Structure formats: structure tokens, C-alpha cells
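Open the structure in your viewer and keep the selection tool handy.

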There are 2 protein chains.
Amino acid sequence: MFDFDLHATEGAARAGTLHTPHGPVQTPVFMPVGTLGAVKHVSPGELVDLGAQMVLANTYHLYLRPGHELVRELGGLHEFMRWEGPTLTDSGGFQVFSLAGIRRIDDDGVEFQSHIDGSTHRFTPESVMEIERILGADVIMAFDECPPGGSDRATAEKANERTLRWLDRCRVRFGQLVAEQPEGPVQTLAPVIQGNVFDDLRREHARRVLSAGDWKILAVGGLSVGEAKPDMWRVLEVLDPELPRDRPRYLMGVGYPEDLLEAIGRGIDMFDCVAATRNARHGTAWTFANGQVNLKARRFARDTDPIDPGCDCYACLNFDRAYLRHLVAAGEHFAHRLVSIHNLRFLVRLAEQSRARILEGDFTRWSADWLERYRSAGV
Amino acid sequence: MFDFDLHATEGAARAGTLHTPHGPVQTPVFMPVGTLGAVKHVSPGELVDLGAQMVLANTYHLYLRPGHELVRELGGLHEFMRWEGPTLTDSGGFQVFSLAGIRRIDDDGVEFQSHIDGSTHRFTPESVMEIERILGADVIMAFDECPPGGSDRATAEKANERTLRWLDRCRVRFGQLVAEQPEGPVQTLAPVIQGNVFDDLRREHARRVLSAGDWKILAVGGLSVGEAKPDMWRVLEVLDPELPRDRPRYLMGVGYPEDLLEAIGRGIDMFDCVAATRNARHGTAWTFANGQVNLKARRFARDTDPIDPGCDCYACLNFDRAYLRHLVAAGEHFAHRLVSIHNLRFLVRLAEQSRARILEGDFTRWSADWLERYRSAGV
């Protein structure tokens, strides 16, 4: 289980299939985010229709509300959110380091205050493994320290060391939990490679993470946290030769359409990001024809084209920009749903198209053309 | 067109079919409200799936945004909102009298300020006919004066007189518009009977409205504006013998589940109300098993029943109360959609069930049992 078949490569770009207990995932893949056990605005059936293969949920949020024990009682994450396909939970690390206001970090773990009621909680590598085991996603992420973007080298180095110690504790505790309850869900623990924008720290961390266990999936964290785009791309280029070819690589929290193509071209297989649905709530849509557009713009008032001509999503097949512009301007919830569906489909389709091009050996040229057109269309 | 076949009656209750240019409507019928040209949270396909036959839109809102001329340019109301079935627009009268903050009424019409930008506008019977003609709904409502609930007799009397004068102006202007553009949409103008809770004023107004034109549909306005429920039921009982049997009667802005059954039992055929979707945004759901419930309640935290066992809506067939409770508590938009679908289906189904019982001659007993159970379950 969690084997990865690599079907084709083109340069660093890869097309493969990840096998999970809830079915295969064809990569490259974009995974919609269901923070609280629901992808905002979008139903499970609509996710299937738009081609989503695998869905994310957030450990921090589900731990606080409704509580991981309750999710288990209700049948586990898949049954809870009525999603039959593969799932992944993050470790909550990113949230407690970035979202939670007041927190105290020590070697044991992190104490933080709930953003809901201010109550105090503590995450440790062990407790996070227990929570993620109970939630029951297919892929569970190790509890890591993700220092803020712009951190200095010493901070990044210290975080790398702590992340390694925590990874070991995650591995041990996860192993115990599986041994204690072998009939529980079949899961795999995935480590997170940190190191900020420091090439040597990234390289060293990757090597030490790899030697710390037999991981089925490797995640790259601590990017898209405010650093310049060239830094992100350079780090991926540094990591590519370090990572085993027969394991999928997951770039956490990325991204926007252009980020997907740039990262796929540098060997990334899996993505997640809330931008698709969050932008939708502001009326921002991604289009091949016009780049990123805000549907509120007056120029769409009489525009009877779909959001993106050529898109095959429910919104584009059924509604026009003029109607959406009206709904967005009026703050109608139905608009958020339609634009969410479109933006999610846009990323899912981009990953599908990338895969097809890699299989045909045509990705590099296509991707360069696509990016050039997308970036110039956006102006 | 707009003929009404009366299939069966039981006491005052009626089962019929209204024929419109966009298909037949089986009555009694509950019409979901698409204020801005979209039923909040719900797609046209979902409306079809939940059994909605006819949909409302609001003239006041569409006039202000995106503007009736733009709706026409985009193909008219049906095409604009992608709703192929019958439609109805209100006259905007209720909104300018109740929603708009600053307004000045005279015999010519009403001057009011937009709730969006404070700009000044004027509605007259003639301008409202022009707007509703341009929007292109099947059934268009006459511009009436709806005095606030609790108005005294003199106010109600004065409003009745003005409503009659305005009705005549509506009739004349609508006739001109049809004559000027005979190839335009096939529409029918429906008058509104006012008179507040004064039985003799209601009776007199009904008679004078009926003699003012050959109306295909008769609406009862000015109820559910704060008066006691027994007053509403008594007014309907006063009106029932006054109204021709072969025309459908539309009770504007009503209602809640119990209101539907009470009014159907007093001869009403058509309903609309925003409560289904507005309540949904607060997590309030209607159920046969438990009356009106708020899904946020802690007692639903571990409840794996659907919102309403026995309901056949998408939400009840696919999700449980525990999940919905979680989403409602967290303010997730997907919950608003699911509860909206459920509440709309609840009213649509209640109208369907009423029709079936009337056709079987069993409505009176069934309705009394239903109301008794619903009211006691709610406690």
C-alpha cells in the first residue's frame, strides 16, 4: 500500500500513480482543502465531478471542533465528510505556528490558544500522531516546526534539528499506535522537509529525513511562506536530485496555477492550497484566456462568455460572466460556490493536463507556452 | 394561457393546475424566492431536484442591481437565472414600503433611496409595469400600497383606495406595453388584495379588485406583517367565498410549514417566503419528527440521524445531524446550502402532500393530525 508507480518523466517532471487504501491517485495531483471536514461551498459529489481525487483536512481545526474523538465516533474522517476517496491530514503544525496567536514552543511540543475560545492546548509529536490516527486519513503528516518566512539561518537550523527529533518521536508513536490497533485504518506517515530558503540546510535536512525512516511520501514544507518565488524554485531544484524517484513529493500549501506548473517542472507530484476557494469568495477566478480576473470588474457586466471559455466545469458550462459579476457584486453565496468549483477545476485540470503532457513527453514546451500566455493575459 | 384547472376541493382546500408559458404548476405550490435572480445557496438543478415548480424574483432588487435593462439584454429573467420553469416577480412595493429606509409616498408613486448606495429612485405603477415587462417573468404583480402591520382602519382604507387607483394604472400601462410589443413575453398581471385585518375592508377590496379587470391570478397581500395568526386565518376565511373558484389565489410572503397547511385549508393555492433559506443560514431546520430545530444545539453533536428521517432531500439522504451541527457551529457555508435545500424541500413536499390529500379527499384530517404532531414535537 502507498506504492508509487512512476510512469514517465520529462526532465524533472513526473507522471505516476500513488496507490492508497481508498483508491489510486494519478499524479501530478491537486488536492482540494476541506479544512473543517468540508471543502468550502462544494459538495462531495461536485468534487468528484470536477475531478478531485484526494482531499485534505486540517488536524488543528478538527481537533478543536468537533474534536477528533467525535470524528472517530462518527465513522472516521472519510465517513464523517462523505468522501470515499483518498484523504490526507496535515499535522496542525503550520496552524499552531502561524494561526494561533499565543503559543509557547519548547522541545517537548507547542502550547497554544484556541482561535475559537482562547482555551489552552498542547500539541506534541505523540499527541498529534494520536489525533491523526484517530481522524483516520490515509496519509498523515509528521508534526514539524515551520519557522516563519524570512527567518535567519540560525532559526532555520534550529527548526530543522527540532523537526528531526520530532519526526523520530512521530515515527515511534505512530508505530506503537498501529501495533496497538492493527485493525485500524491503513495509514502512512509522511515527513516534512524544512530548511527555509537555505540550499545547504534543505539538502542536509532531506538527507537526514530520508535516513530517519522508510517513508512512502515525502513532503516539502516551509515554502510559499513569503519568500521570493525564485527562492522557492531554487529550493525545489536543490531537492529534486536528493529525493528518491519512486516516492511522490508533496509541496505543502502550494498553490496558484503558475506555481503548479513551475513546481511540476521541478519534480513535485502533489499540491494543496486554500487559494482556490478563498479567492472565490472575493470573486477572483483563474482563466486560461485572461489570467487571474476579478469577476466584480465592470467590464464583465455585459459579458456573456463563461468564466473561462474552454473550461468544462459546472459553472462554465451553465453560467456567464455577466450573471456571475452580478452575483459577486451582490455578495450572493451561490457565486462563491460557482467560482470555487471553477477555480478548483482549473487547478485539477492543470494537473491532469500536465500529466498528459508528461506522458507524451511534451510537458516542458507546453508548460512554457502556457505560463507565457497566462502571465501576459493577466495584464 | 394562465388558465387554472381545478381538479378537486375539500372544504375550502383546492388542488389544481395553473398553465403558464413555461409549463404547468400543480397547486398548492410553494415558490422558492430568488431575490437577486438566484435562490440563495441553491442551484437551478437542485431546485428541480427538490421539486420546485415556480420561482420568484424581486423587482426592487433586480431594478437596483444589475438593472432590469441588463437582465433583458442577457435574455430576460429565465435565461438570466438559468431557470426554465415558470417565474413570478413581485412589484417592489413591499420592499420600498418596508425595506427602503427613506421614502416619500404620494398618489403618483413612491420616492425611495437605494439600500445599496442611497441614490434616489421613483416607482410609479407605470414604471413598475415597464420594469416587470422588461424582466419578463410569467406572472407580474401590480404595484400596491402595503401599509405596515398594526395600521389603523383609516390608514388601511386609504391604502386600499390608492391600491385600486394604482391597479387601474398598472392595468392600462401593462396593456399598452403588450400592445406595443406583442412579440414580447406572454405575461399576466396579478392584482393584490389589501385591507389589513379589517374584514369588511378586505371584502370590499376583493370585490372592487375583481371588478377592475379580468385577472387570471389573485394575490392576497398585507398579511404576515406582524398581525396575530388568528387574524390572518380569519381574513382568509372572509376572502374565500369572495374569490372566484377558477382562479388561483396567492398568499404573498407566507410562510412557515404550519402556515402553509392553515392557509391551504382556507383556500390558498400559491405561497412564497424567504424563511426557508434565511433560517437555514442560522442553522434552523424544519422537521416532521421534531418540529423546528436549531442544528447548532449540543444535543445533535452525536446524532447520526438525518435532519428529518423520512425526508427525501439531498441533505437528508447524504448527511447526518452530527456533521451538520459541526458545520453550522463552525459557520461553514456548505451547511447553509444543505439546510436551505432541506427547508425548501420541506415546504415543497408539504404542498405536494397537501395536493395528494386533497385529491384523495383526506386533507382536513391529515392536516389537523400533521399540525398537532408538528406543534407538539417542537416543544
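**Stop 1: a buried threonine**

Select T188(B). Its relative accessibility is 8%, so T188(B) counts as buried, the cut-off being under 20%. Keep in mind that this is a predicted model.

Now colour by secondary structure. T188(B) sits in strand 11 of chain B, which covers residues 188-190.

**Stop 2: helix 6 of chain A**

Switch to chain A and select residues 125-135, which form helix 6. Of its 11 residues, 9 are buried, so helix 6 is largely enclosed by the rest of the structure.

Pick out the buried residues by name. They are P125(A), S127(A), V128(A), M129(A), I131(A), E132(A), R133(A), I134(A) and L135(A). Charged side chains are on that list too: E132(A) and R133(A).

Step just past the helix to G136(A). Here phi is positive, about 90°.

**Stop 3**

Zoom out to chain A. Count the elements if you like: there are 15 helices and 17 strands.

Look along the principal axes. The C-alpha atoms fill a box of roughly 60 × 45 × 40 Å. A compact globule of 379 residues would have a radius of gyration near 21 Å, and the 20 Å of chain A agrees with that.

Colour by burial next. In chain A, 61% of the 379 residues are buried. Among contacts with a separation of 6 or more, 66% join residues 24 or more positions apart.

Then colour by charge. Chain A carries 43 positive and 53 negative side chains. The centres of these two sets lie 4 Å apart.

**Stop 3: the pair of chains**

Show chains A and B together. How is chain B superposed on chain A? A rotation of 180° does it, with 0.0 Å of shift along the axis and an RMSD of 0.0 Å. That is the relation of a two-fold axis.

To find the axis, select H333(B). Of the residues of chain B, its C-alpha comes closest to the rotation axis, at 4.0 Å.

Finish at the interface. Of the interface residues of chain B, 100% are also interface residues in chain A, so the copies meet through the same surface.

Technical notes
Residues are numbered from 1 along each chain as its sequence is written. Chains are lettered from A and ligands numbered from 1 in the order in which they are written. This is a predicted model: local features need pLDDT of at least 70, side-chain atom pairs count only at pLDDT 80 or more; totals for chains, interfaces and linings use all residues. Side-chain values use heavy atoms; hydrogens and water are left out. Copies are superposed by least squares on the C-alpha atoms of residues with pLDDT of at least 70 in both. Contact means heavy atoms within 4.5 Å. Helices (H or I, at least four residues) and strands (E, at least two) are DSSP runs, numbered from the N terminus. The radius of gyration is taken over C-alpha atoms; the globule rule is 2.2 Å times the number of residues to the power 0.38. Buried means under 20% relative accessible area, exposed over 50%, partly exposed in between (1.4 Å probe, protein chains only). The place of a charge is taken as NZ of Lys, CZ of Arg, CG of Asp or CD of Glu.
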